[in-house]
Amino acid sequence: MDGGNMPITMKSKVKIGPVVEDGLDVSARPFKILVVDDSPIDRKLLEQALSQEQYTVLSAKSGQEAIQLLAEHRPPLVITDWLMPDLTGIELCRRIRLEFQESYTYIIILTAMTEKDKLVKGLGAGADDYLTKPFHANELLARVGVGRRIADLHRQIEAKSRVLEELALTDAMTGLLNRRGIELWAGRELSAAARHDFPLWAVMADMDNFKSVNDTYGHDAGDAVLKRFAEILKTNTRSADICGRIGGEEFLIVLTHTNRDGATLAIERIREKFLAQRFRFRGQDVVVTASFGIAGHSRHQSQNFNRLLTQADAALYSAKQLGRNRVELAATEINPVESNQGPSQ
């Protein structure tokens with residue numbers, strides 16, 4: 001504990017308005033504050049002051065307990081005493097900045113020390129603000145209010161960054177991943193397949209004679225075909241698989257944990273589902289087909305997803321040359337080692 005018991009006075013309340021921007025009202029959720037102090041009396045005084053603004057208060061009597069509560073609840077604001085028996089407030093600041101970087105935590109250090117070099121040391125360790133003992137409730141709430149506004153802004157930025165990242169990896173028309181998104185995912189899966197020796201298949205899909213659909217019935221008709229195909233991919237692939245639109249009328253599907261027969265059966269099922277679709281454009285019934293090329297990763301190959309795509313694209317070209325509306329496997333030497341894993345359901 002740093003210093004003696006702390007008298008507090010309730011002189012005023014600081015009202016914190018909600019932070020709303022572009023519909024992201026991050027302050028609508030309960031705002032959690034973690035209070036860290038080895039003195040039960042000091043913790044109680046802080047809790048009483050903070051309860052005036054209806055904050056959700058978590059309490060820890062040690063730095064180690066604080067780390068556990070941070071991991072479990074991720075409170076956006078921490079008020080910590082400077083001197084504690086296991087971790088000092090300075091050490092706790094450093095741990096928070098090192099171990100909880102995915103979301104910003106605003107830190108206020110509470111101390112009886114007033115020496116400028118000590119306070120500078122605390123700020124240098126990662127604290128955002130400090131409050132000297134004994135404190136007044138209105139000053140505590142004012143500083144917490146500043147911290148809340150900053151924490152809410154950080155959460156807004158983080159939420160918008162996640163939205164922007166998702167948009168950057170998503171095809172706007174179909175809602176599937178775009179080329180960058182699926183290649184990022186597939187690159188990680190390819191590394192896992194090499195480490196753990198499970199099969200991975202890349203499947204290139206392309207609409208047959210798609211240009212004639214656009215030329216004859218218009219681009220709205222072409223868009224409807226692409227969206228329908230995307231829906232078939234979504235409903236006929238497993239959660240362990242991934243699919244995306246990589247440009248124009250080209251799609252990419254990545255299947256894992258299934259053998260050659262299972263991969264072929266899964267893609268044949270998609271081909272047949274799409275073949276069964278009936279489109280109605282300008283009073284005419286229209287049938288559109290798709291061709292598919294499959295290539296598999298072998299544990300003996302290098303972890304190069306672009307190479308796998310080239311092989312799948314060559315198999316797709318063969319499917320086109322052999323009459324379209326069919327599924328073709330790449331050359332046998334690049335097929336993955338057979339496993340006991342069954343068909344893709």
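1. Ground rules. Local features need pLDDT of at least 70 in this predicted model and side-chain atom pairs count only at pLDDT 80 or more, while totals for chains, interfaces and linings use all residues. Residues are numbered from 1 along each chain as its sequence is written, and side-chain values use heavy atoms, with hydrogens and water left out.

2. Salt bridges. Searching the whole structure turns up 20 salt bridges (a side-chain nitrogen of Lys or Arg within 4 Å of a carboxyl oxygen of Asp or Glu). One of them pairs Lys-133 with Asp-81, with the closest N and O atoms 3.0 Å apart. This pair ties together distant parts of the chain, 52 residues apart: Lys-133 is in the loop between strand 7 (129-132) and helix 5 (137-168), and Asp-81 is in strand 5 (residues 77-81). Helices (H or I, at least four residues) and strands (E, at least two) are DSSP runs, numbered from the N terminus.

3. A pair within helix 5. Arg-143 and Glu-139 form a salt bridge at 3.1 Å, N to O. They sit four residues apart in helix 5, so about one helical turn separates them. Arg-143 is partly exposed because its relative accessibility is 27%, and Glu-139 is partly exposed at 31%.

4. Asp-171 and Arg-245 form a salt bridge whose closest N and O atoms are 3.2 Å apart. Here too distant parts of the chain are linked, 74 residues apart: Asp-171 lies in the loop between helix 5 and helix 6 (179-196), Arg-245 in strand 9 (residues 242-247). Asp-171 and Arg-245 are both buried.

5. Helix 7. Which residues of helix 7 (residues 210-217) are buried? They are Phe-210, Val-213, Asn-214 and Tyr-217. These lie on the same side of helix 7 because they cover an arc of only 105° around the axis (taken from the directions from the helix axis to the C-beta atoms). The face turned away from that buried side carries the exposed residues Lys-211 and Asp-215. The buried residues pack against strand 8 (200-207), helix 8 (219-235), strand 11 (279-281) and strand 12 (284-286), contact meaning heavy atoms within 4.5 Å. Just after helix 7, Gly-218 has a positive phi of about 100°.

Technical notes:
Buried < 20%, exposed > 50% of the residue type's maximum accessible area, 1.4 Å probe, protein only.
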